[in-house]
Each structure stands twice: as C-alpha cells, then as structure tokens.
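Please look over the sequence and the structure shown here before reading the briefing.

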Amino acid sequence: MSVIEIVHKHASAEPRAPRLSFFRTLRFRLVLSVALVHAVLMGTFVWSAVDKQSEAIRADLYSRAHSLITLMAVASTNALLAEDLGSLAEVTARVKRQPDVTEGEIVDVRGDVLASTNLHQVGHRLLEPLVGATAQGRNRLRLHEQIRVAGQRIGTVLLDMSTRHLQAELTATRDEGLLFILLALVVGSIAAWVLSLLITRNLYTLMAAVHKIGGGNLGVRVDLHARDEVGLLGGAFNAMVESLQRISEQVRSEHEKRTDAERLACVGELSASIAHEIRNPLSAVINSVKLLDRSNLPVTDRAQAIAILNTESLRLQRILNDFLDFARIRESRLVEDDVCALIEEVAGLIRQHPQAASVRVEVQCDASRCRTRHDPDQLRQVIWNLMLNSVQAMPEGGELHVRATPAGRVVKFSFTDNGCGIPDSLLDKIVRPFVTGRKHGTGLGLSIAQRILMQHGTSLSIVSHVNVGTEVSFELGAA
Ligand SMILES: Nc1ncnc2c1ncn2[C@@H]1O[C@H](COP(=O)(O)OP(=O)(O)OP(=O)(O)O)[C@@H](O)[C@H]1O
Ligand SMILES: [Mg+2]
C-alpha cells in the first residue's frame, strides 16, 4: 500500500476562552469560604459574649432578690416577736417599692399571712406549701426565707420577683448578637468580594493575554499593577512571551531564508520541467519546418509535416496554458456554501466526458449537513481535476465513488476509484508540478489542486494500491 499524507493545516481558529459557571469561579469560592469562616468565628465569639452577658444579668437579679429577702427577714424579726402588724405592713410596703418586686409576704409559723403587698391576702392562710428556698416560675422568681430566733422558726418571708424585665434584656442581648453576626457576614462577604476582584482581575488579564497568544499574537504584554506574587507572575509571563517572540522571529527568518532557497530551487526545477516538456514538441516543430523548407518535398511528406506541426504546436499551447493556470492561481475568496451541489454539477460534466463512457460515477452527499467555507470556483476546479484523474486511471471502465461526509468540525471529501493506481516511485512527488504518469499528461492537475487546498488551510491525502485503486481525500472546515 502506498500512502502520501500532506500535513493538514486548517486555518487556525482563535482559541475560545473557556466559560465557567459562576459557582465554579474562584471569586465565588473565595467569597463563600471567607463568609463561612467569618460567620463561624464571629458566631462563636458573639454567642459566648451574649451567653456571658445573659449570665451576668441573671446573677444580678438573683443577688438583688437574695439581698432583698434577707433585709425583709431582718426587718421583720422584731416586729414578728412583738406581733407588731403595723411594722410588718411597713416592711412589705417598702419591699413593694423595689423594682421587679411583684409580691412580698410575711407569714407566721402556721402559715397565716400577717403582712402582704397584696392587702387581700392578709389574714388568709397560705395554700402553697413552703418547700425549698427558691422556686422559679415561667416569668417569676419566688424566694422563701425562714425567720429563726435561737434556732426556733417564728415565721417566713416570701418574695416574688418578676423576670419579665430579665427576659426582655436577655432577648435584646441575643438579638443584638444575631444582628452582629449578620453584619459580620455581610461585611465579610463584601470584603471577600473586593479581595477576590483584586486577585481575579489580574488572573483574567493574564487569561485574556494567554488566549491572544494562543491566537498567534505574540505582541501581547500584561501590566498587572501588583507588587505581590501575582505581579511577579506577570513579570515572568512577559519575559516568557518576549523570549517566545524572539524565538518565533528567529524561526520566521530561518523559514524565510529557507523558503527563498526553496523558491529558487523550485524555479530551477520548474524551468527544467518546462524545458523538458516543451523540448520534444519544439524539436518536432523545428524538424517539420525544416522539412517544409525543402522545395522538392513530396506532397505526402508535406501533408505529414503540416499535421505534425499542427499537433505539436497545439500541445505546446496546452502545456503553456496549463502552466499559466498553475502560475496564476489567485487568492481564495471563501464563502459559506453547499458542497453537494458543486460535486453533483462536476459529476454531471464528468459523466459526459468522452473518457468516462464506461465509468460509473456515484455521489454520496447529504446537502443538509455539508456546508463548508470555500472558494466555489477553486473548489470546482479541485473536484474536476481529481475526478478527471480517476476517470483517466480507468480507461477500461470502472467505478468512481465521491463522498462528502461531515465529521465533527470538518467535512471530509473522498474520491475513490478502482483504476490503475499510482506506483510507489511516483507517489511521494506526485503533487509536484509536471510530475505525470500519463503519456499525454502535463502533471499539473494535482499540484493545482494542492495549491488551492493549501490556500484553504488543508491539503491532499492520497492512498493508492497499484492495479487496485486510489483514494484521494481532503478536509474542509464545516460552516
Ligand atoms: N486517481 C488516480 N489513479 C491513478 N493515478 C493517478 C490518479 N490521480 C493521479 N494519478 C497519477 O498522478 C499523475 C499526476 O496527476 P496530475 O493530475 O497532476 O497530472 P496529469 O493528470 O498527468 O496531467 P494534467 O495536468 O492534465 O492533470 C497522473 O499522471 C497519474 O499518473
Ligand atoms: Mg490530471
């Protein structure tokens, strides 16, 4: 099997910057983590502060209540001994004036109320058993203290204090704490957002520069206005691009030198090829003219010389026309167009070609999926040259299959025949001008096709088996 692959070079598309969803950006992650850390730390700190403050408020109320009840007990002892109800009533009246006090009572050993802030209670017996020193209801703090003289209980003082005020203070403190956490969260998030903007702005600048370089613009430099590690990265990036640019300029100048040398070699080769091509017909023309110059030339020889003159001058004209076609390939004018119509059009013409009488030409192309960017006139010429070659490779008849197949971002074209094939000795130079394997071929068809395709950013690929067939293919970027 013989294969010739000429490097495919699709017109380089500008690389696209990858798009990230917002939740995968560095900015979002930075803000989220800073906000979370902020919230947890501030939450713990504020919560413990609130807890301590609540404890202090509660302790303050208890201590006030204890002091008050002790005072009540002391102030009531003598009056109790003397059964002085007036003084006892005065004690409860004084107690009533204290903040948060809802009720104060003095009872004797039997549990009869001797004095109370609630006058209706006086004279009644207490229903509640006096168990324990303190009892705490939902919104009240209730304390009892026994009054003892020489170890003997002579009565009890009771004090009821409202905890509403305490609860309100605790709620206010907790709300303040929550507000603080919320504020910390908002301020932390804003700070993290600003910080992330500062960091990612430079990263985005770098990313844009990298994409421009990917698109071939080596003149790009970044100015990150930063003196930190990102600034250093920017400096290193610029230095890298500078050396890249230097290397690329060296490569370009080397390439130009080589291209000049190659061009000169090519001109020499081409001149030799043209000279070789026109030498035979030209000699025939010169010999015929010499013959015609003879006065005694027989009529039959004269007619033969004129016929040779005619054929060979036409051959010379064809060689020169083909060469001019090759030399004058214009710039490609790319448009988005359907390639199926083009292939069908050329296939129609080829079927009518005298050399294609016994060749079956079959086209497979899905018009809805085969649109490419190409120069229609030039692509028509490429398709014609390739089909004609296949037809000329099957003088005894055969089959030519032409396919256009979409394959991702390209459309693949293939021309497969079961003709004579190309010998290995010719294959690796077959696309050079004036290389031909046919008796009357000029050897320009494939080189014209190759030059046109190069202008489209692609090239020919040829696989051939002698006496089996040939497949010539190329790709064009899909529209
Ligand atoms: N499908 C094919 N099958 C077999 N040989 C082929 C095929 N295509 C090209 N060739 C060989 O490659 C040679 C070069 O082809 P090319 O089209 O460049 O020139 P040509 O056909 O000889 O002349 P012309 O300039 O008229 O096209 C041909 O002469 C032929 O030997
Ligand atoms: Mg040809």
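The model is predicted, and the values below are to be read as computed from it. Ligand 1 sits in the largest pocket, where 19 residues surround it.

**The shell around ligand 1**

- Among the 19 residues that surround ligand 1, the closest are Asn389, Thr436, Gly437, Leu444 and Leu446.
- By residue class, this shell around ligand 1 divides into seven nonpolar, ten polar and two charged residues.

**Polar contacts and burial**

- A backbone N or O atom of Leu446 lies 2.7 Å from an oxygen atom of ligand 1, and a polar backbone atom of Leu444 is found 2.9 Å from an oxygen atom of the ligand.
- The side chain of Arg438 also takes part, with an N or O atom 3.1 Å from an oxygen atom of ligand 1.
- Taken alone, ligand 1 exposes 590 Å², and the protein buries 91% of that area.
- The elements that give two or more residues to the shell around ligand 1 are α7, which spans residues 376-392, and α9, which spans residues 445-455.

**Aromatic pairs**

- The structure holds six aromatic pairs, one of which is formed by Phe413 and Phe474 and is stacked, with 4.7 Å from centre to centre and 10° between the planes.
- This pair links distant parts of the chain, since Phe413 belongs to strand β11 (residues 410-417) and Phe474 to strand β13 (residues 469-477), with the two residues 61 apart.

Note on methods. Residues are numbered from 1 along each chain as its sequence is written. Chains are lettered from A and ligands numbered from 1 in the order in which they are written. This is a predicted model: local features need pLDDT of at least 70, side-chain atom pairs count only at pLDDT 80 or more; totals for chains, interfaces and linings use all residues. Side-chain values use heavy atoms; hydrogens and water are left out. A residue is near a molecule or strand if one of its heavy atoms lies within 4 Å of it. A polar contact is a pair of N or O atoms within 3.5 Å; within protein, one must be able to donate a hydrogen and the other to accept it, and residues adjacent in sequence count only if both atoms are side-chain atoms. Accessible areas come from the Shrake-Rupley method with a 1.4 Å probe; for residues, only the protein chains shown count as cover. On a 1 Å grid over the protein atoms alone, a cavity is a set of points where a 1.4 Å probe fits but cannot get out, and a pocket is an open set with protein on both sides within 12 Å along at least five of seven lines; lining residues have an atom within 4 Å of a point. A molecule sits in a cavity or pocket if more than half of its atoms lie within 2 Å of its grid points. Helices (H or I, at least four residues) and strands (E, at least two) are DSSP runs, numbered from the N terminus. Ala, Val, Leu, Ile, Met, Phe, Trp, Tyr, Cys and Pro count as nonpolar, Asp, Glu, Lys and Arg as charged, and the others, Gly among them, as polar. Rings of Phe, Tyr and Trp (its six-membered ring) pair if their centres lie within 6.5 Å; planes under 30 degrees apart count as stacked, over 60 as edge-to-face and the rest as tilted.
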